[in-house]
Amino acid sequence: MNLSVDFAGVKMKNPVTTASGTFGSGEEFSEYVDLNRLGAVTTKGVASIPWPGNDTPRVCETYGGMLNAIGLQNPGIDTFVNRDIPFLKKYDTNIIVNVCGKTPEEYIEVVDRLASEDVSMLEINISCPNVKAGGIAFGQDPKLVEQITGKIKAHAKQPVIMKLSPNVTDITEMAKAAEAGGADAISLINTLTGMKIDINRRTFALANKTGGMSGPAVKPVAVRMVYQAANAVNIPVLGMGGIRTAEDALEFIMAGATMVAVGTANFNNPAATIEVIDGIAEFMDKNGVKDINELIGCVK
């Protein structure tokens with residue numbers, strides 16, 4: 001039985017990775033999860049300098065999921081290169097580094113630093129607000145998506161995955177813009193913008209007022225967007241959004257995702273990624289599927 005996939009030229013032993021921001025940079029979960037079993041570890045977003053993140057409170061629970069407004073807190077590229085990459089290199093898994101920035105120059109600085117590092121792929125978080133364009137997220141304007149993709153591709157030595165925001169009118173426009181800019185792959189969805197109000201305190205549950213919604217409640221929206229995007233472009237798709245079980249993962253794969261990422265589920269079940277991998281293998285065995293590639297995009 002073959003679970004391995006080719007994702008934009010990178011061989012993955014299985015189609016399962018972690019969603020950025022839910023798994024630290026791997027070390028935090030290494031006592032609970034055999035990282036060798038994962039197709040890849042996707043790291044938390046890394047910027048050119050340390051980011052302190054937003055004021056607290058910055059997480060809250062919602063029905064069927066959670067809101068977060070962490071603000072992409074991270075230790076910066078220097079610490080990441082010196083501490084996190086060497087740790088991950090001890091394992092037989094691919095490393096996907098998530099990159100964030102507030103300007104094109106900040107993204108490029110990180111991409112240039114990673115050019116000489118032994119990492120498999122870069123995932124570019126374009127849900128960050130573009131400070132040079134009045135704060136609109138790069139991923140909410142197709143022209144900006146194409147521009148930032150092109151600039152990053154001109155510097156990147158590894159294949160580039162553009163991570164799309166779902167907070168748009170038409171996800172296919174953004175997918176096509178990333179492809180036009182030269183992206184090797186796309187990943188989606190990032191979180192949906194949400195809000196929660198604490199009625200007893202008569203104020204926002206998050207200091208940031210709004211936050212990114214993730215968890216099981218977003219899955220039907222995510223599956224729909226992955227299906228639309230996968231059918232709009234000729235580059236592979238990494239699908240995510242509310243995946244907890246192998247059944248969830250298989251929905252994304254059948255909708256057209258070559259790879260899937262487990263995110264919020266890691267918080268209440270650290271073994272979720274392994275359960276998803278084992279569950280996909282069980283499904284294939286039970287249904288006489290010899291190769292996972294037979295299932296990718298099988299629902300049209």
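Biologist: What should I know about the model before we start?

Modeller: The model is predicted, so local features need pLDDT of at least 70 and side-chain atom pairs count only at pLDDT 80 or more, while totals for chains, interfaces and linings use all residues. Residues are numbered from 1 along each chain as its sequence is written, and side-chain values use heavy atoms, with hydrogens and water left out.

Biologist: OK, how many salt bridges does the structure hold?

Modeller: There are nine salt bridges, where a salt bridge is a side-chain nitrogen of Lys or Arg within 4 Å of a carboxyl oxygen of Asp or Glu. In one of them, the side chains of R37 and D278 meet at 2.6 Å, N to O.

Biologist: How accessible are R37 and D278?

Modeller: R37 has 31% relative accessibility and counts as partly exposed, and D278 is partly exposed too, with a relative accessible area of 32%. Buried means under 20% relative accessible area, exposed means over 50%, and partly exposed is in between (1.4 Å probe, protein chains only).

Biologist: Which side chain does D78 meet in a salt bridge?

Modeller: D78 meets the side chain of R113, at 2.5 Å from N to O. D78 is in helix α1 (residues 77-88) and R113 in helix α2 (residues 104-114), so the pair ties together parts that are 35 residues apart in sequence. D78 is partly exposed at 45%, and R113 is partly exposed at 32%.

Biologist: What about D248 and K219, are they buried or exposed?

Modeller: D248 counts as buried at 8% relative accessibility, and K219 counts as buried at 13%. Their side chains form a salt bridge of 2.7 Å, N to O, which links D248 in helix α6 (residues 246-255) with K219 in helix α5 (residues 219-230), 29 residues apart. Salt bridges that share partners also join K219, D248 and E251 into one network.

Biologist: Switching to helices, how do α6 and α8 pack?

Modeller: Two packed helices are described by the angle between their axes and the distance between the axes. For α6 and α8 the angle is about 70° and the axes are 8 Å apart, the axes being lines fitted to C-alpha atoms, for helices over the stretch in contact, with angles that run from 0 to 180 degrees between N-to-C directions. The two helices are therefore roughly perpendicular to each other (angles under 35 degrees count as roughly parallel, over 145 as roughly antiparallel, 65 to 115 as roughly perpendicular and the rest as oblique).

Biologist: Which residues make the contact of α6 with α8?

Modeller: On α6 they are A246, A249, L250, I253 and M254, and on α8 they are V276, G279, I280 and F283, where contact means heavy atoms within 4.5 Å. These residues divide into eight nonpolar, one polar and no charged; Ala, Val, Leu, Ile, Met, Phe, Trp, Tyr, Cys and Pro count as nonpolar, Asp, Glu, Lys and Arg as charged, and the others, Gly among them, as polar.

Biologist: And at what angle do α3 and α4 pack?

Modeller: Helix α3 (residues 142-155) and helix α4 (residues 171-180) pack at about 25°, with their axes 7 Å apart, and they are therefore roughly parallel to each other. The contact is made by P142, V145, E146 and T149 of α3 together with E173, M174, A177, A178 and A180 of α4, and these residues divide into six nonpolar, one polar and two charged.

Biologist: New topic: where is E123 found?

Modeller: E123 is in strand β8 (residues 121-125), and at 1% relative accessibility E123 counts as buried. Leaving aside neighbours within four places in sequence, E123 is in contact with several residues, including S20, T42, K163 and S187. E123 and S187 are 64 residues apart in sequence and 7.9 Å apart in space, C-alpha to C-alpha.

Biologist: Last one, where is the place of A8?

Modeller: A8 sits in the loop between β1 (5-7) and β2 (10-12), and A8 is partly exposed at 24%. Not counting residues up to four places away in sequence, A8 touches M121, P159, D184, A185 and P236. The C-alpha atoms of A8 and D184 are separated by 5.8 Å, although the two residues are 176 residues apart along the chain.

Terms used
Helix = DSSP H or I, 4+ residues; strand = E, 2+ residues; numbered from the N terminus.
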